[in-house]
Amino acid sequence: MKVLIIDDQQEKIHLIRDSLERLLTKVEILASPNYWDAVYQLDQAEDTFDFIVCDMQFPIKSTDRIDREAGIKMLHVITKMKLKAKIVIATSSATVNKLLEDRGYGHIPAIVASPMYDLDSQFVKYITDYI
């Protein structure tokens, strides 16, 4: 299984990586800290990612501040590229489901990526085909 994590917070990337490595026997995980790096990774991979875990707020480029719309912008790109990968939003915001619904992405699931929540049990329902 090939996974792309799109997030600028190293702690959250490690949480997600650790969870997926516990659940999956064979997994290749790449991380992108900003929008343009993620677009590049997706373009270079030629639709070989099986799973994309995306934050909602991260910089557009490495020198930028956090963009509150970056996750939505990333979903636009992923949709436009017609990628086959499963997508999950990993966030710490309780209001993300409403935002996704309002922007036409209500079908994309969101999980809470925090040390206070059991990330493994949240991921299991989205990666059962690979376990």
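A residue counts as buried here when its relative accessible area is under 20%, and as exposed when that area is over 50%. Keep that in mind for the views below, which come from a predicted model.

**View 1. Helix H5 and its buried residues.** Let's start with helix H5, which covers residues 119-127. Its buried residues are Leu 119, Asp 120, Gln 122, Phe 123, Tyr 126 and Ile 127. Looking down the axis of H5, you'd find these buried residues within an arc of 160 degrees, so they line one face of the helix. As for partners, the buried residues of H5 pack against helix H1 (10-23), strand E6 (86-91), strand E7 (110-112) and E3, which spans residues 51-54.

View 2. Now move to helix H2, residues 35-45, where Tyr 35, Ala 38, Val 39, Leu 42 and Ala 45 are buried. These residues cover an arc of only 140 degrees around the axis, which puts them on the same side of H2.

View 3. Glu 46 isn't a glycine, yet its phi is positive, at about 50 degrees. Asp 47 isn't a glycine either, and has a positive phi of about 65 degrees. Are these residues buried or exposed? Glu 46 is exposed, with 67% relative accessible area, while Asp 47 comes in at 26% and counts as partly exposed.

**View 4. Stepping back to the whole protein.** How many helices and strands are there? The protein has five helices and seven strands, and from the N terminus on they run β-α-β-α-β-β-β-α-β-α-β-α. The radius of gyration is 14 Å, close to the 14 Å that the globule rule gives for 131 residues, so the protein is as compact as a globular protein of that length. Of those 131 residues, 46% are buried. Take the contacts between residues at least 6 apart in sequence: 66% of them join residues at least 24 apart. Finally, the accessible surface comes to about 7300 Å², and carbon and sulfur atoms account for 50% of it.

Conventions: Residues are numbered from 1 along each chain as its sequence is written. This is a predicted model: local features need pLDDT of at least 70, side-chain atom pairs count only at pLDDT 80 or more; totals for chains, interfaces and linings use all residues. Side-chain values use heavy atoms; hydrogens and water are left out. Helices (H or I, at least four residues) and strands (E, at least two) are DSSP runs, numbered from the N terminus. The radius of gyration is taken over C-alpha atoms; the globule rule is 2.2 Å times the number of residues to the power 0.38. Buried means under 20% relative accessible area, exposed over 50%, partly exposed in between (1.4 Å probe, protein chains only). Contact means heavy atoms within 4.5 Å. Accessible areas come from the Shrake-Rupley method with a 1.4 Å probe; for residues, only the protein chains shown count as cover. The arc is that of the directions from the helix axis to the C-beta atoms.
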